[in-house]
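Visitor: I am new to this structure. Please take me through one part closely, then on to its surroundings.

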Amino acid sequence: MTVSAVHRRSLPLLTTEQIGALKPELADVIEYRKSGLSLNHVIGCPLECGYCVRHLFDNFEMKTPKRLMTDEAAVEALVSHPYFRPHRTPIQLFNRATDPMLPVVKPHLFAVLQQLDDRGLTNHILVITRWRVDAEDCAVLNSFQNLRITVLVTHSGIEDPAIEPVNSAHAADSLRMLYEHAERYRTILYWRPIVPGLNDSDEHIERARELSLHAHATVFTGLFFRDEIKDYYEGHGLPVPYDDTARRKIMPEQAEQRILAAFDAAQQPGAAPWGTLFRKTSCGVAYAHGEADYNGHYGVRELCDICPREQVARCAGAWVKPDPDEVVRAARALGAIGDVEINDRAIVVEGLDEPPRYYLQHGFGYQCHDRAKPHLYRQHGRAPIGWEAENGPYPA
Ligand code: SF4
C-alpha cells in the first residue's frame, strides 16, 4: 500500500537563514525524551491547541508546516545519532512541533517509516496525533513489516475551543478507525491533558471509558504547564488552571483518584467495562505489543497497581537489577560524576542531563534518576502541585 497521489507533494524546505533564526532547540531535529528518541524535521502546525509545547520554542505562530531537511537526511541523522541503538531505542516521530497525521505532514511520516522499515529495524515507533485517520492510512500503517508502530490518539474532551480548537470527535473517530483496522500496529487512547474542573467530570470519565474499549491500551496523564504556556493562557484570557508552573506534568492526586475510583468500580461484576489503563506512556505501548515496559517502571512498584496481572508478570520477568560495574562504566563514559547508585527502584546518577539518563534507562531497562531531582512516593515523574505533603520520600 502506498500513500495516495494527492498526498505526495513535499513540504517546502526552510532556508539556512530561516533555520538560523529558529531557537537552537527547535533547529536540532533530534531530541531524546523519556518515551524515545524523537525526530522532528517538520515544524509548524495550524491546530492551535492552547497548551501546545511549541510555545516553549517560540514557534506557535508558525501555522504552515515546513521541513528543516529532507526525509532521507533526517532518517540518516536518526540512525547515526550516538544514542540510537538498532532494534532497542524507542523512536517518536513528529511529536514536538506538528501533528504527523495532517494531510501535508503524513507523506513525510510514511516516507520516514518506510525508510526505517526498509532497514529491517524493529524499534518501537510512537506516533501521536489528534487529527483524522482514514482506512487508507491504516492500510499504510499495517504494511510495514519490521517496525513496532503505536499510534497514540490524543483525546482530552476539553470543550473550550480557545484551549482545544480541534473537536475531540475527530480523535474519537480516528481511534475507532485505527482500532478496527489494526493488524500490525497498535493504537492507544492518549487521554490528556487532564485538568481538574475542566475535563474530569463524571461525563468526561464515562466518555473516556467508552473510548478505552476501542484501543489496545489507555494512558491518562496531566498538563505540561510551563511559564511560556501560562503566559499564553493569561495573554489570551484563558482560565489559568494552576497558579504555579512546573518542570514535570501536573496531575493532581484528586483527579487521579476520581479516575481510578471509576476504573475500580468497573471491575465489579455487571459494571460497564473499561479497557486497560496505565499511568505511563511506555507502559501502555509495551502492553499493547505484549512486552515488558522498556522504561523499567516496574521498579516504581506503586505504578503497577492498576496493571493487568499478566502484564505485571511480564514486567517482573524482564526487570533485572543491572550489573553495577557495567552501569558505572556506562555512566562514567557519558560523564557522570559522584556516586553511581543502583537501588531497588532506579540507577541514581549525578551530572547527567536527560538524554544520557534516558540512554542508560532504555539500555538497561531500568529507571535512571538524577540525584538532584528526587522522585517522590506515588508522584513518579509528576510535579508536586496537587499532592499533599504526606506523599513525601519513599518509605525506608
Ligand atoms: S507492570 Fe508496572 S511497569 Fe509493567 S507495564 Fe504495568 S505498570 Fe508498567
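Visitor: Which residues gather in a patch of negative charge on the surface?

Guide: First, a word on the model. It is predicted, so local features need pLDDT of at least 70 and side-chain atom pairs count only at pLDDT 80 or more, while totals for chains, interfaces and linings use all residues. Residues are numbered from 1 along each chain as its sequence is written, and side-chain values use heavy atoms, with hydrogens and water left out.

Now the patch. Its members are Glu25, Asp28, Asp58, Asp227, Glu228 and Asp231. A patch takes residues with over 30% relative accessible area and no salt bridge; like charges are joined within 9 Å, and nonpolar side chains (Val, Leu, Ile, Met, Phe, Trp, Tyr) within 5 Å. Accessible areas come from the Shrake-Rupley method with a 1.4 Å probe, and for residues only the protein chains shown count as cover. A salt bridge puts a side-chain nitrogen of Lys or Arg within 4 Å of a carboxyl oxygen of Asp or Glu. Asp and Glu count as negative, Lys and Arg as positive; His and the chain ends are not counted. Each charge is placed at NZ of Lys, CZ of Arg, CG of Asp or CD of Glu.

Helix H8 (residues 227-235) gives the largest share of this patch, 3 residues. Helices (H or I, at least four residues) and strands (E, at least two) are DSSP runs, numbered from the N terminus. Asp28 sits elsewhere, in the loop between helix H2 (24-27) and strand E1 (30-33). Asp28 is partly exposed because its relative accessibility is 43%. Buried means under 20% relative accessible area, exposed over 50%, and partly exposed in between (1.4 Å probe, protein chains only).

Rings of Phe, Tyr and Trp (its six-membered ring) pair if their centres lie within 6.5 Å; planes under 30 degrees apart are stacked, over 60 edge-to-face, and the rest tilted. By this rule there are 12 aromatic pairs. One of them joins Tyr32 and Tyr358, edge-to-face, at 6.1 Å centre to centre and 70 degrees between the planes. This pair links distant parts of the chain: Tyr32 is in strand E1 and Tyr358 in helix H13 (residues 354-364), 326 residues apart. Tyr32 counts as buried because its relative accessibility is 4%. Tyr358 has 12%, so Tyr358 is buried too. Another pair is Trp191 with Phe220: the centres are 6.3 Å apart and the planes at 55 degrees, so this pair is tilted. Trp191 lies in strand E8 (residues 186-191) and Phe220 in strand E9 (residues 217-220), 29 residues apart. Both Trp191 and Phe220 are buried. Back at Tyr32, one aromatic cluster holds Tyr32, Tyr83, Tyr358 and Tyr359.

Next, the backbone. A cis peptide bond joins Arg192 and Pro193, with omega about -10 degrees. Pro193 lies in the loop between E8 and helix H7 (202-212).

His87 has a positive phi, near 70 degrees, and is not a glycine. The loop that holds His87 runs between helix H3 (71-79) and strand E5 (91-93). His87 counts as partly exposed because its relative accessibility is 41%. Phe94 also is no glycine, and its phi is positive at about 55 degrees. Phe94 is in the loop between E5 and helix H4 (106-118). At 1% relative accessibility, Phe94 is therefore buried.
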